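Here's a quick tour for anyone opening this structure for the first time. Have a look at it, then read on.

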Amino acid sequence: MAPKNRSQGWQYAKLSGHKNEDRIKELLETDRQYTADFLKRIGCDNKKLINVSIGGLHETNVESVIQGRRKTKSKTDLRLLYDDGSKTSISIKKSLGGQVYLVKAPHFIECFECQFAELIPKNVKKAINLFWAADEEAVDIIEHYGDRTVDKEFEMQMHHKSLNAHTLKAYNKSLYEELLQWFIDNADKITRLAFSAGAVRCKAEWAEYVWYKNMFNEHMKDNIFLIEDICKGAAKVSENETYYGTKNGGTTIQLPFGFVQWHQAQLQFHHSFDKVAELVVKAKEKIN
């Protein structure tokens, strides 16, 4: 039965994701040939797999880098443990697109600064907060600089308490340009946050691979990508693949791996299989 509303939709997606993880775990534990072939795909065919674990419905939260928040969700859905004590951490995507990271603006800023030990410029922080509903001045700025000739766009901004790209540019062109340039310059780090790290403090808990795999859809892709390659590819193409979207006055920023938009007063990052696959190709291309 299809979910009736957004809340039910998220719950359904979460439960179906856990069921998918359960089936993958079962496959790796029972099909020796499949497991051998899979280990070869990730360069671990010289190791002996001794344990397969998944997050599941009762996953244990891990330590967070954000001050005042002791625990957070890991990006890792599947862990493979080998006889030599090493392990492989994998994030599983059961669809070719969708949410990959959801975070409030202040937490995104703190998380980025803590994970990479560098400060986000003051103007960029201001722009992030204005674009993603975390600045008390947003409503006043929209009233003064928002385009009232397009009712839908104006009303959406007022309702969300966040500026779109057109309004941000009209209010302060420098903020508009600096925000976009910051996303361009930090494409690799933003990609790593979205796919691998999130707010997880311990790097040993970060996901190493993204595996597009759906055990309930025989037509689904079955590709596994090293996140390091995705990050390298994002850095290579960020100049051309990072830009403000055009819909509703520009409510998204298109990114090398997908896009980021407003959702429930948070930054909602989306992934795209086609974009991710292309980034991996770009990462391996030699620069002439």
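This is a predicted model: local features need pLDDT of at least 70, side-chain atom pairs count only at pLDDT 80 or more; totals for chains, interfaces and linings use all residues.

- Five strands make up an open sheet, in the order β1-β4-β5-β7-β8, and the pairing is mixed.
- The edges belong to β1 (49–54) and β8 (223–226); each has a single partner strand, so one side of each is left without a neighbour in the sheet.
- On average, neighbouring strands here are turned by 25° against each other, direction ignored.
- Strand β7 (residues 209–212) is joined to β8 by four bridges, and the two run antiparallel.
- In general, strands of a sheet pair through backbone hydrogen bonds, either parallel or antiparallel.

**Helices across the sheet**
- Two helices lie across β7 and β8: one is α10 (residues 227–241), and another is α11 (residues 273–284).
- Their angles to β8 are about 70° for α10 and about 50° for α11.

**The nonpolar cores**
- The largest nonpolar core holds 63 residues, and the ones with the most contacts inside it are L179, F183, I253, F257 and F269.
- Leaving out residues up to four places away in sequence, L179 touches V124, A127, I128, F131, L168, Y244 and I253.
- Another core, of 18 residues, lies apart from the largest one; I42, V52, I92 and W211 are among its members.
- As a general rule, nonpolar side chains tend to be buried together in soluble globular proteins.

**Aromatic pairs**
- There are 17 aromatic pairs in the structure.
- One of them is F131 with Y244, a tilted pair at 6.0 Å centre to centre with 45° between the planes.
- F131 sits in helix α4 (residues 122–131) and Y244 in strand β9 (residues 243–244), so this pair ties together parts that are 113 residues apart in sequence.
- Buried or exposed? Both F131 and Y244 are buried.
- W132 and F183 form a tilted pair too, with 6.1 Å centre to centre and 50° between the planes.
- Because W132 is in the loop between α4 and α5 (138–145) while F183 is in helix α8 (residues 173–185), the pair ties together parts that are 51 residues apart in sequence.
- W132 and F183 are both buried as well.

Notes
Residues are numbered from 1 along each chain as its sequence is written. Side-chain values use heavy atoms; hydrogens and water are left out. Rings of Phe, Tyr and Trp (its six-membered ring) pair if their centres lie within 6.5 Å; planes under 30 degrees apart count as stacked, over 60 as edge-to-face and the rest as tilted. Buried means under 20% relative accessible area, exposed over 50%, partly exposed in between (1.4 Å probe, protein chains only). A nonpolar core is a set of buried Ala, Val, Leu, Ile, Met, Phe, Trp, Tyr and Cys residues joined through side-chain atoms within 4.5 Å. Contact means heavy atoms within 4.5 Å. Two strands pair if DSSP finds at least two bridges between them. Axes are lines fitted to C-alpha atoms, for helices over the stretch in contact, and angles run from 0 to 180 degrees between N-to-C directions.
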